[in-house]
Amino acid sequence: MFHVKHEGWVAAAAALGVELDVRAERRLSLFEELLVERAAPMGMISKGDVPRVRERHILDCVRAVPLIETGDRRLCDLGSGAGLPGLVVACVRSDLEVVLTEVRRNRAAFLESAIVELALPHVTVWARRIETLRERFDLCTARAFADPRRSWATAERLLGTSGRMIYWAGERYDPRADAPDGVETRAFETSALASAGALVIMSRQ
């Protein structure tokens, strides 16, 4: 495993198969500051995670970027919280149209402010119950949102016919016991962040 504290964004992202341009690097650095200075005091991330916020949260989200396909245009982040992973993905892939769903007002307000400061014009916040969202997406992301079955049930309603969900499964994920019925799953391990567990892509069979 690489040691994030001793390497910059470009090297750390490269170890995850992601090439950062200067703008993406600056956005990630600013977002890191926002998480430490604003999100942590609001209880949006654990204070114990502050010293390792880059590896524990931001790079854990960056590793999903290689799983985004060429034809993906619209992404919905389920239960965005502090913008993990939705804002991180948008910092790297600013060409994507991203909708962050967050019903809690203080967190939605944080996301709105972060979008402006990070200069992400294609990102919006859906600050209502996710069940009221009627749009369609190519991709959904679910990190610390719900268990695999509930996450897929939520995503499936929002996804187009060939849409997919990227699910942060964690170390304890068991595809035989945890995968939703009738869903095709593919797991991707990231050696540089092996302790974070697999990312699982779910799609209709």
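Modeller: Helices (H or I, at least four residues) and strands (E, at least two) are DSSP runs, numbered from the N terminus. This is a predicted model, where local features need pLDDT of at least 70, side-chain atom pairs count only at pLDDT 80 or more, and totals for chains, interfaces and linings use all residues. Residues are numbered from 1 along each chain as its sequence is written, and side-chain values use heavy atoms, with hydrogens and water left out.

Biologist: How many residues of helix α3 are buried?

Modeller: Helix α3 spans residues 53-62 and is mostly covered. Its buried residues, among them V53, H57 and C61, pack against α1, α2, α4 and β5. Out of ten residues in α3, the buried ones number eight.

Biologist: Is H57 buried or exposed?

Modeller: H57 lies in helix α3. Setting aside neighbours within four places in sequence, H57 is in contact (heavy atoms within 4.5 Å) with I45, D49, R52, L84 and R143. Its relative accessibility is 7%, so H57 counts as buried.

Biologist: Which element gives the most to the lining of the largest pocket?

Modeller: A pocket here is an open set of points on a 1 Å grid over the protein atoms alone, where a 1.4 Å probe fits, with protein on both sides within 12 Å along at least five of seven lines; lining residues have an atom within 4 Å of a point. The largest pocket has 39 lining residues, with G79, L84, R143, A144 and F145 nearest its centre. At least two lining residues come from each of α3, α6 and β5. The top contributor, with four residues, is α3.

Biologist: How many residues does the largest nonpolar core have?

Modeller: A nonpolar core is a set of buried Ala, Val, Leu, Ile, Met, Phe, Trp, Tyr and Cys residues joined through side-chain atoms within 4.5 Å. L28, F31, L35, V62 and L87 have the most contacts inside the largest one. Beyond four places in sequence, L87 touches residues including F31, L100 and V123. The residue count of that core is 51.

Biologist: What is omega for the peptide bond from L84 to P85?

Modeller: P85 lies in the loop between β1 and α4. The bond from L84 to P85 is cis, with omega near 15°.

Biologist: Last one: what is phi of A144?

Modeller: A144 sits in the loop between β4 and α6, and it counts as exposed at 79% relative accessibility. Its phi is positive in a residue other than glycine, near 60°.

Terms used. Buried means under 20% relative accessible area, exposed over 50%, partly exposed in between (1.4 Å probe, protein chains only).
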